[in-house]
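I set out to record what I looked up in this structure, entry by entry. The entries follow the order in which I consulted it.

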Amino acid sequence: MREYNRLRTDLVIANRILAFEEVVDAYGHVSIRNPVNPNHFYMSHSVAPGMVTQEDIVEHDLEGRAVDGDTRPLYLERFIHAGVYAARPDVNSVVHAHAEAILPYGIATGTPLRPVIHSGSFIGPHVPVWNIADRFGDTNLLVTNMDQARDLAAALADNNVALMRGHGFVAAARSLIEVVRLSVYLPRNARVLTTALTLGGEITSLSEGEINQRNQEAYGPYSTATWRTWEHWANRCGCGHMVTRPENPGE
Ligand SMILES: [Zn+2]
């Protein structure tokens with residue numbers, strides 16, 4: 001029970017951070033896989049992320065249905081999370097958001113989104129773009145069923161991020177802290193790349209070797225460096241008093 005309370009509290013903190021850092025607004029969501037039952041995940045019901053509390057967290061199954069008879073309205077795009085968890089056993093946390101800075105890279109083919117700053121390394125070397133129209137024709141662009149979610153998860157494949165044409169992005173990581181960190185730095189990296197493009201000339205991206213080095217050496221959910229960002233962001237959004245570090249975090 002103590003573990004479950006901590007998980008729900010961490011999910012509240014993640015919601016508040018993503019809202020405060022303007023990764024999400026009234027829309028967008030973050031989830032975490034149930035560590036006991038990998039076929040379930042936790043996410044708020046349909047509440048703006050900046051207002052989510054512990055009581056709003058609902059357990060979902062991998063078809064996007066609420067379990068335990070919860071009848072509160074759910075996020076329309078909860079299927080995104082179900083699709084990624086079903087396809088990626090290595091993923092324990094997912095974010096979907098519409099951050100404006102990344103949107104140009106989902107509609108323009110001239111410059112792919114790629115890591116250009118050190119903190120953008122978590123994006124990974126390749127960011128696929130998923131176009132819902134390729135398979136589903138004219139839609140309202142939202143992922144509203146499992147067929148669409150499975151298609152998106154297939155486009156994401158083994159990558160950390162996929163852009164969704166004219167819509168937003170999905171980010172996947174092995175922990176909640178990592179997916180929040182990735183989602184905060186993704187729009188920042190996009191803004192730097194967009195600014196650099198206006199300056200003209202060649203763009204120098206992080207090499208695959210640089211990305212690998214950062215991911216191997218400087219990257220653990222409970223490493224001193226990563227924990228520092230979690231504490232910093234939690235304090236900024238008024239959740240500093242809710243932060244607890246696990247006793248045996250593993251890494
Ligand atoms: Zn969306």
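**Conventions.** I call a residue buried if its relative accessible area is under 20%, exposed if over 50%, and partly exposed in between (1.4 Å probe, protein chains only). The model is predicted, so I kept to its limits: local features need pLDDT of at least 70 and side-chain atom pairs count only at pLDDT 80 or more, while totals for chains, interfaces and linings use all residues. Residues are numbered from 1 along each chain as its sequence is written, and side-chain values use heavy atoms, with hydrogens and water left out.

**Entry 1: aromatic pairs.** I looked up ring pairs, taking rings of Phe, Tyr and Trp (its six-membered ring) with centres within 6.5 Å; planes under 30 degrees apart count as stacked, over 60 as edge-to-face and the rest as tilted. The structure holds three such pairs. In one of them, the ring centres of Y4 and Y42 are 5.4 Å apart and the planes stand at 50°, so this pair is tilted. Helices (H or I, at least four residues) and strands (E, at least two) are DSSP runs, numbered from the N terminus. I noted that Y4 is partly exposed at 27% relative accessibility, whereas Y42 is buried at 6%. Y185 and W233 form a tilted pair as well, at 5.7 Å centre to centre and 55° between the planes. Y185 lies in helix α6 and W233 in helix α8 (residues 224-236), so this pair ties together parts 48 residues apart in sequence. Y185 and W233 are both buried.

Entry 2: For V180 I listed contacts, meaning heavy atoms within 4.5 Å. Leaving aside residues up to four places away in sequence, V180 touches A14, I17, L18, W230 and W233.

**Entry 3: the zinc site.** Which residues donate to the zinc ion? I found E77 (OE), H96 (NE2), H98 (NE2) and H167 (NE2) as protein donors, 1.9 to 2.1 Å from the ion. Donors are N, O and S atoms within 2.8 Å of the metal (3.2 Å for Na, K and Ca); water is not among the atoms, so sites may look incomplete. The angles among the four donor atoms of the zinc ion run from 96 to 134°, and the site is tetrahedral. Four donors count as tetrahedral if all angles lie between 85 and 135 degrees. In sequence, the spacing of the donor residues is E-x18-H-x1-H-x68-H. Are H96 and H98 buried or partly exposed? H96 is buried, with a relative accessible area of 0%, and H98 is partly exposed at 25%.

**Entry 4: helix α2 and H45.** In helix α2 (residues 78-87), eight of the ten residues are buried, so the helix is largely enclosed by the rest of the structure. The buried residues of α2 are R78, F79, I80, H81, A82, G83, V84 and Y85. I then turned to H45, placed in the loop between β2 and β3 (57-61). H45 is buried, with a relative accessible area of 11%. Residues up to four places away not counted, H45 touches D56, V58, R72, P73, L74 and Y75.

**Entry 5: positive phi.** Where do residues other than glycine show positive phi? I noted L141, with phi near 75°, in the loop between α4 (132-136) and α5 (146-156). L141 is partly exposed, at 25% relative accessibility. A157 also has a positive phi, of about 50°, and is found in the loop between α5 and β6 (161-164). A157 is partly exposed, with a relative accessible area of 34%.

**Entry 6: the whole chain.** I counted eight helices and seven strands in the protein. Its radius of gyration is 17 Å, close to the 18 Å that the globule rule gives for 251 residues, so the protein is as compact as a globular protein of that length. The radius is taken over C-alpha atoms, and the rule is 2.2 Å times the number of residues to the power 0.38. Buried residues make up 52% of the 251 residues.

Note on methods: Four donors count as tetrahedral if all angles lie between 85 and 135 degrees; four count as square planar and six as octahedral if opposite donors are over 155 degrees apart and all others between 65 and 115; anything else is irregular.
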